Amino acid sequence: MKILVTGGAGFIGSHFVRTLLAGGYPPFADSTVVVLDKLTYAGNLANLDPVRDHPAFTFVEGDILDVRLVDELLSEADAVVHFAAESHVDRSILGAADFVMTNVVGTQTLLDASLRHDLERFVHVSTDEVYGSIDSGSWPESHPLEPNSPYSASKASSDLIARSYARTHGLDVVITRCSNNYGPYQFPEKVIPLFVTNLIDGLPVPLYGDGLNMRDWLHVDDHCRGIALVLDRGRPGEVYNIGGGTELSNRELTERLRAGSLRAASAGRHLRCRSPTRPSTWSPRSMSCSAYTWAWTRFDDINGHYRR
Ligand SMILES: NC(=O)c1ccc[n+]([C@@H]2O[C@H](COP(=O)([O-])OP(=O)(O)OC[C@H]3O[C@@H](n4cnc5c(N)ncnc54)[C@H](O)[C@@H]3O)[C@@H](O)[C@H]2O)c1
């Protein structure tokens, strides 16, 4: 199968490509992969270094909004796995235009070209953030979309556009909605790498509001296995939630990261900790030098972030 992977130089897309070309998804062992990526601030060619010389791999720098380029690439493809997106909630609150262009119009551009070239399968990688907030429990795939941020609204819009191409045109579209990912190669503005690097640098970690916002967490490898499964066996027109079943408040997550940093430090590094409840006091922990510190900074919660 010839697979076009959009956004394949980003965090999740590059994991998918590296794993696929390492033989991690047996149904696609003989596949070729073309990555189309604009290399925005979030895209990094180094994420693809391990497969750069693989004979089944091609990289194309370009924009999913470029109709001619997309048309040319899709004329050669059997399937698309569509990761490319503007993906950071906070950036979408500062300015939504890029989010609407890339996430909505970019998706529509890919879908139109897929129709023209009679594509076998289009996997649209979406997010559970399209559902919005919930007080308890979890969402079924049939739950109405009630996105809260411009990011999640743009993803919800692209979900609905993708769904409409399945319903109206019979295009073989499958949509995945995954919870929060963590793992290697994640851009350091996202919460886990940001908190880990802040802890390493002895800086406070930023927590919104009371830190009790709940998130479900999933390793990127598990997410990508889910996407490969959907690419292989998903039912046309279907939506698949992909979750990890590890729900943590941001405060619990922070505690776990701090504990991990402490363990790493006690394995050979030195640290000292600052109490989050008494930020002005330092409590040295049996070690002398301050490679690691611990404190958090409260930020007012902002619209678009949701409690669960
Ligand atoms: N990170 C998560 O926790 C998470 C969870 C669920 C779903 N998702 C979804 O998974 C997908 C990938 O997320 P990620 O965390 O890897 O994002 P990312 O920001 O790390 O990567 C996005 C990639 O898309 C590329 N890109 C952006 N605009 C482009 C354009 N116009 N044309 C071509 N390429 C472009 C970037 O250069 C980058 O390589 C997104 O669609 C996101 O909504 C992410």
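The shell around the ligand is made up, by class, of 14 nonpolar, 12 polar and 5 charged residues. Here Ala, Val, Leu, Ile, Met, Phe, Trp, Tyr, Cys and Pro count as nonpolar, Asp, Glu, Lys and Arg as charged, and the others, Gly among them, as polar. The model is predicted: local features need pLDDT of at least 70, side-chain atom pairs count only at pLDDT 80 or more, and totals for chains, interfaces and linings use all residues. Residue numbers start from 1 along each chain as its sequence is written.

**Around the ligand**

- The ligand is surrounded by 31 residues, where a residue is near a molecule or strand if its C-beta atom, placed from the backbone, lies within 6 Å of it.
- G7, G10, A42, G43 and A85 are the closest.
- At least two shell residues each come from α1 (11-21), β2 (32-37), α4 (97-116), β5 (121-127) and β7 (180-182); helices (H or I, at least four residues) and strands (E, at least two) are DSSP runs, numbered from the N terminus.
- α1 gives the largest share of the shell, 3 residues.

**The sheet**

- An open sheet of 3 strands has the order β7-β9-β11, with mixed pairing; two strands pair if DSSP finds at least two bridges between them.
- β7 and β11 (246-249) are the edge strands, each pairing on one side only.
- From one strand to the next, the twist averages 45 degrees; axes are lines fitted to C-alpha atoms, for helices over the stretch in contact, and angles run from 0 to 180 degrees between N-to-C directions.
- Strand β9 (residues 214-219) runs antiparallel to β11 and is joined to β11 by 4 bridges.
- D216 has E247 in β11 as its bridge partner.

**Helix on the sheet**

- Helix α7 (residues 220-233) packs on the sheet and touches β7 and β9; contact between two residues requires C-beta atoms, placed from the backbone, within 7 Å.
- The direction of α7 makes about 75 degrees with that of β9.
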